[in-house]
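Keep the sequence and the 3D view open while you read.

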Amino acid sequence: MSNWKDNLRKIEPYVPGEQPKGKIIKLNANENPYPPSSNVLSALRTFQPDKLRLYPDSSAHVLKQALAKAFAVQENQVFVGNGSDEVIAMAYMACFQSGKPILFPDITYSFYPVWCKLLQTPYQTIPLDSEFRIHLEDYSQPNGGIILPNPNAPTGIGLKTEEIKNLLDRNQESIVIIDEAYVDFGAESVVPLIQKYENLLVIQTFSKSRSLAGLRIGMAFGSETIIQTLEAVKNSYNSYTCDQLAILLGTASIEDKAYLAEISARIQATRTKSAQRLKELGFKVYPSDSNFLFVTHPKANAKEIFEKLREQGILIRYFNLPRIQNHLRITIGTEEDMDILLQAIQKLLS
Ligand SMILES: *Cc1c(COP(=O)(O)O)cnc(C)c1O
């Protein structure tokens, strides 16, 4: 009997929202329903495919320069990668090396514990309160680092800058990572705080508010010391995490601030309307600063709603996890998407 299979890693991965084929209404992965900035299309049209013979600029200089300008930081305070998922994984490798448990909420981005297991980072979860709010006082304990999304996922609830500032004042012995994947939909970014707090790393993505999930670009902002360590980790692993198109199109997208503001406002208006209609249908709707709503219905089964909508080609997200087994996460789509969804839900409930 050969035992070679014992060498294989046994690990339970993160499961992303499904990407089915055919005509569907897709409200399950927090993607943007609107196209990327027209600057992206213009840049794409100028691209010479012959350039693809060559490796991209491993430092992604033009993209970092555009980000530095847009966020009013220095270029050496910016890191970019192949989606923020990759940036976060590298941040774990760069920042969470003490051997002490890192802290994050019990209900949060479900990739956090997966990276802990992959990278053998010990962790401890801190429970949200009964209304699913984060209390940052609960993080005042010895730790190997802290990671939190703001707004939190899948609840959508945002924290105030003051609360994060107070956490940073109390927590100076480890690195605090704020994952701002959804910040452009109504929360407040703490990027400016990196100038004061050298142990703060702020992560953002092009996938949600910039409608570029398919391009894979994420970025981090932090002190030069943390950014240098991230670069060292990246260059110990894969020097070319951003390809030529990502660098070119990402730069074009960042330069169009007006469009970002426009579609984000449109999504927030649809969110307000959809939340109201869901409440009228009897749902409890958590306050959202993001491009999704987290809901539960006192009299209806969430898993059943999820499955029945799926049969009709409408995808939302259901998590079979403790405390949120009767909850649903609904991405805000176009007005039309939401009309179809709400009519379908109304039918299911009647
Ligand atoms: C979507 C998401 C990410 C990852 O986005 P990328 O597409 O990898 O940039 C990271 N954190 C949270 C909380 C998210 O919801």
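Ile263 has its place in helix H8, in what is a predicted model. With a relative accessibility of 1%, Ile263 counts as buried, because that value is under 20%. Setting aside neighbours within four places in sequence, Ile263 is in contact with Asn32, Tyr34, Pro35, Ser209 and Ser211. Pro33 is 230 residues away from Ile263 along the chain, yet their C-alpha atoms are separated by 9.2 Å.

Helix H8 covers residues 257-280, and Thr272 is found there too. Is Thr272 buried or exposed? Thr272 counts as exposed, because its relative accessibility of 53% is over 50%. The side chain of Thr272 reaches back to the backbone oxygen of Gln268, at 2.9 Å.

Another threonine to look up is Thr161, in helix H5 (residues 161-170). Thr161 has a relative accessible area of 15%, so it is buried. Which residue does the side chain of Thr161 meet in a polar contact? The partner is the side chain of Glu188, at 3.2 Å. Beyond its neighbours within four places in sequence, Thr161 is in contact with Glu188, Ser189, Val190 and Leu193.

Now for the nonpolar interior. In soluble globular proteins, nonpolar side chains tend to be buried together. The largest nonpolar core of this model holds 50 residues, and Leu67, Tyr139, Leu148 and Leu200 have the most contacts inside it. Helix H7 (residues 244-254) gives this core its largest share, five residues. Apart from this core lies another one, of 33 residues, among them Ala300, Ile305, Tyr318 and Ile330.

Leaving out neighbours within four places in sequence, Leu148 is in contact with Pro105, Tyr112, Ile134, Leu136, Tyr139, Leu159, Leu167, Ile177, Ile178 and Asp179.

Next come some helix pairs. Two packed helices are described by the angle between their axes and the distance between the axes. The table lists these values.

| Helix pair | Axes come within | Crossing angle |
|---|---|---|
| H1 (residues 38-46) and H7 | 8 Å | roughly 140° |
| H3 (residues 84-95) and H6 (residues 224-234) | 9 Å | roughly 105° |
| H9 (residues 302-311) and H10 (residues 335-349) | 11 Å | roughly 120° |

H1 passes H7 in a right-handed crossing. Asn39, Val40, Ala43 and Leu44 of H1 make the contact with Leu245, Leu248, Leu249, Ala252 and Ser253 of H7.

In the pair of H3 and H6, the residues Val87, Met90, Ala91, Met93, Ala94 and Cys95 of H3 meet Ile226, Thr229, Leu230, Val233 and Lys234 of H6.

H9 passes H10 in a right-handed crossing. From H9, Ile305, Lys308 and Leu309 meet Leu341, Ala344, Ile345, Leu348 and Leu349 of H10. You have come across Ile305 already, as one of the residues in the core of 33.

Note on methods: Residues numbered from 1 in each chain as written. Predicted model: local features only at pLDDT ≥ 70, side-chain atom pairs only at ≥ 80, totals over all residues. Heavy atoms only, no water. Helix = DSSP H or I, 4+ residues; strand = E, 2+ residues; numbered from the N terminus. Buried < 20%, exposed > 50% of the residue type's maximum accessible area, 1.4 Å probe, protein only. Polar contact = N/O pair within 3.5 Å; in protein donor to acceptor, adjacent residues only side chain to side chain. Contact = heavy atoms within 4.5 Å. Core = buried A, V, L, I, M, F, W, Y, C linked by side-chain atoms within 4.5 Å. Axes fitted to C-alpha atoms, helices over the stretch in contact; angles between N-to-C directions. Left-handed = near helix turned anticlockwise from the far one by under 90°.
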